[in-house]
Amino acid sequence: MKDIRKEAVFIAGKRNYVLCGDDLGITLLNEIEERIQRDKGTYQIYYLNKMNRSLLLELLEQMKMGTYLYLVADSKLLFDLKPALQKLGYSTCEAQYICHQMDHRMVFCSKCHQIFSVFSKVNCTNCPNCQLTLEVSEHYSKIKNAYLGYVASCEWKE
Ligand SMILES: [Zn+2]
């Protein structure tokens, strides 16, 4: 998915900030929070695992103009929330979407249904369970929370 960052970058001079993430995500925003405090800015923190999706969207919809959003989560949550948030106007000019698992992605083996993680740059891999060579597709399954791995037409290289 495009426009997903690896780390948060502080953008100064916004009217208001919203820091939003799962448990790990919020801790990764500590530095941003300190910067906002130093600048005497206003901000809210939303813990994704303590509120449901519709409440979060409702709160963010009511934010005043000029609110800047930081969202840090795993890829599943980002895939789920980003389109809805962009619809509310949190484009990449008004928000940073950060994935804390950027280096890895989950792959679903189409043969034995094993789910395992690979480095995100890897397009071709061997299933650790059935040893089949798999091509990692761009098809993301929300149900499996993984990218679908198909029988490869590529060569697997170590
Ligand atoms: Zn397999």
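**Figure 1. Two domains divide the predicted chain.** The domain assignment gives domain 1 as residues 4-99 and domain 2 as residues 104-151. The model is predicted. Taken over C-alpha atoms, the centres of domain 1 and domain 2 are separated by 30 Å. The C-alpha trace of the chain spans about 55 × 30 × 25 Å along its principal axes. Secondary structure comes to 4 helices and 10 strands. From the N terminus on, the elements run β-β-α-α-β-α-β-α-β-β-β-β-β-β. Of the 158 residues, 28% count as buried. Among contacts between residues at least 6 apart in sequence, 59% join residues at least 24 apart.

**Figure 2. A parallel sheet of 5 strands, in the order S1-S5-S4-S2-S3**. The sheet is open, and its pairing is parallel. Strand S1 (4-5) and strand S3 (42-47) stand at the edges. Each has a single partner strand, so one side of each is left without a neighbour in the sheet. Helix H4 (residues 75-87) packs on this sheet. H4 touches S1, S4 and S5, and its direction makes about 160° with that of S5.

**Figure 3. Close-up of the pairing between S4 and S5.** Strand S4 covers residues 67-73 and strand S5 covers residues 95-99. They pair in the parallel sense over 5 bridges. Tyrosine 70 has glutamine 96 in S5 as its bridge partner. In a regular strand, side chains alternate between the two faces of the sheet.

**Figure 4. The largest nonpolar core, with 26 residues**. Leu19, Leu69, Tyr70 and Leu71 touch the most other members. Two or more residues each come from strand S2 (16-21), helix H2 (30-38), helix H3 (53-61), S4, H4 and S5. S4 gives the largest share, 6 residues. Leucine 69 touches Val18, Cys20, Leu60, Tyr90, Glu94 and Ala95, leaving aside residues up to four places away in sequence. A second, separate core has 10 residues, including Cys109, Val136, Ala146 and Tyr147. In soluble globular proteins, nonpolar side chains tend to be buried together.

**Figure 5. Lysine 40, with a positive phi**. Lysine 40 has its place in the loop between H2 and S3. Its phi is near 55°, a positive value in a residue other than glycine. Most residues other than glycine have a negative phi. Is lysine 40 buried or exposed? Lysine 40 counts as exposed, because it has 6 C-beta neighbours inside 10 Å, and the cut-off for exposed is 12 or fewer.

**Figure 6. A mixed sheet of 5 strands, in the order S7-S6-S10-S9-S8**. This sheet is open, and its pairing is mixed. The edge strands are S7 and strand S8 (124-126), each pairing on one side only. The twist averages 50° from one strand to the next. UniProt, in an unreviewed entry, places the feature "domain: Dimethylamine monooxygenase subunit DmmA-like C-terminal" at residues 107-149. That span is 0% helix and 56% strand, and the end C-alpha atoms of residues 107-149 lie 6 Å apart.

**Figure 7. Strand S10 between S6 and S9**. Strand S10 covers residues 146-151, and S6 runs parallel to S10, joined by 3 bridges. Strand S9 (residues 133-141) runs antiparallel to S10, joined by 5 bridges. Which residue of S10 stands opposite valine 107? Valine 107 faces tyrosine 147. Tyrosine 140 also stands opposite tyrosine 147. Tyr147 is one of the residues in the second core, along with Ala146.

Figure 8. Strand S6 (residues 104-109) and strand S7 (residues 115-119) run antiparallel, joined by 5 bridges. Arginine 105 has valine 118 in S7 as its bridge partner. Histidine 113 is exposed, because 11 other C-beta atoms lie within 10 Å, and exposed residues have 12 or fewer.

Notes: Residues numbered from 1 in each chain as written. Predicted model: local features only at pLDDT ≥ 70, side-chain atom pairs only at ≥ 80, totals over all residues. Pairing = 2+ DSSP bridges. Contact = placed C-beta atoms within 7 Å. Axes fitted to C-alpha atoms, helices over the stretch in contact; angles between N-to-C directions. Domains from an automatic or database assignment. UniProt positions renumbered as here; feature names shortened; annotations may be inferred. Buried ≥ 20, exposed ≤ 12 C-beta atoms within 10 Å, placed from the backbone. Core = buried A, V, L, I, M, F, W, Y, C linked by C-beta atoms within 7 Å.
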